[in-house]
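Biologist: I would like to walk through this model step by step. Could you show it to me?

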Amino acid sequence: GESVGLHLPTLSVQEGDNSIINCAYSNSASDYFIWYKQESGKGPQFIIDIRSNMDKRQGQRVTVLLNKTVKHLSLQIAATQPGDSAVYFCAENRSGTYKYIFGTGTRLKVLA
Amino acid sequence: NAGVTQTPKFQVLKTGQSMTLQCAQDMNHNSMYWYRQDPGMGLRLIYYSASEGTTDKGEVPNGYNVSRLNKREFSLRLESAAPSQTSVYFCASSAVPGQGTNTEAFFGQGTRLTVV
């Protein structure tokens, strides 16, 4: 809900435009990365994932890019729709471990 | 297919009261997790259970206990609630991390807990 989203960076985009949300991850040993979407009052929902042996992966309207050199992950949403309004955050994991490290998130606002 | 189900959705406790948050998953996942989510912070791991019969501490375990009742169920207990435990709690489950491609964590809808 709203209490979860306080003080988050916000990206405002016009409906129909493309959105790019960025994430810097912390552990150079991480080899699995996930993007989640969290709508107000709901639990995080899986969007797309990528393993470190890839630098790009595409889903339906979404693309994840991975730059291991600078430990950077991005989520691109094509033709952003009002239903895309939510908090987006990345998670990293090292294979064989049970710890997922979550970013604090970015709020995406889609303007009509 | 319900995925991960948490109960209750909302709870108000007085300081010192105890309660148990329930979680069940129907995806036959081995691993289950409890996280808390606070404003301006990422999800923080309280406890996890790598497989049935095992539990381990995460980042912020103090004030909590867990029970992995069976493969499906993983409960979180607050023995003596404190205002600092006011948060939104999420249960999650996953296949064993690192095995195969689909090892993302699936989350429940959350429990919003207020301790007064």
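Biologist: Is B:D38 buried or exposed?

Modeller: Buried means under 20% relative accessible area, exposed over 50%, and partly exposed in between (1.4 Å probe, protein chains only). B:D38 has 8% relative accessibility. So B:D38 counts as buried.

Biologist: Which atoms do side-chain values use?

Modeller: This is a predicted model, where local features need pLDDT of at least 70, side-chain atom pairs count only at pLDDT 80 or more, and totals for chains, interfaces and linings use all residues.

Biologist: Which residue forms a salt bridge with B:D38 at 2.8 Å?

Modeller: Side chains of opposite charge can pair when their charged atoms come close. A salt bridge is a side-chain nitrogen of Lys or Arg within 4 Å of a carboxyl oxygen of Asp or Glu. Here the closest N and O atoms are 2.8 Å apart, and the partner of B:D38 is B:R44.

Biologist: How many salt bridges are there over all chains?

Modeller: One links A:K42 and A:E39, at 3.9 Å from N to O. A:K42 has 40% relative accessibility, so it is partly exposed. A:E39 is partly exposed too, because its relative accessibility is 26%. Over all chains, the count is six.

Biologist: Now the two chains. What area is buried between chain B and chain A?

Modeller: Contact means heavy atoms within 4.5 Å, and buried area is the accessible area (1.4 Å probe) that two parts lose on being put together, summed over both. In contact are 28 residues of chain B and 26 residues of chain A. Carbon and sulfur atoms give 56% of the buried area, which is about 2200 Å².

Biologist: How many residue pairs are in polar contact between chain B and chain A?

Modeller: A polar contact is a pair of N or O atoms within 3.5 Å; within protein, one must be able to donate a hydrogen and the other to accept it, and residues adjacent in sequence count only if both atoms are side-chain atoms. Across this interface the rule finds zero salt bridges. With both residues at pLDDT 80 or more, the polar count is four.

Biologist: Which element gives the largest share of the side of chain B that touches chain A?

Modeller: Strands (E, at least two residues) and helices (H or I, at least four) are DSSP runs, numbered from the N terminus. In chain B, β4 (31–37), β5 (44–49) and β9 (87–94) each supply at least two residues of that side. The largest share, four residues, comes from β4(B).

Biologist: Where does B:S31 sit?

Modeller: B:S31 is buried, at 0% relative accessibility. A polar atom of its side chain lies 3.0 Å from the backbone oxygen of B:A50. B:S31 is in strand β4 of chain B.

Biologist: Over to chain A. Which residue of β7(A) stands opposite A:V64?

Modeller: Two strands pair if DSSP finds at least two bridges between them. In chain A, β7 (72–77) pairs antiparallel with β2 (19–24) over six bridges, and with β6 (62–67) over six bridges. A:I21 stands opposite A:L75. The residue opposite A:V64 is A:L75.

Biologist: Which residue takes a positive phi in the hairpin of β6(A) and β7(A)?

Modeller: Four residues lie between these strands. The phi is near 50 degrees, and the residue is A:K71.

Methods
Residues numbered from 1 in each chain as written. Chains lettered and ligands numbered in written order. Heavy atoms only, no water.
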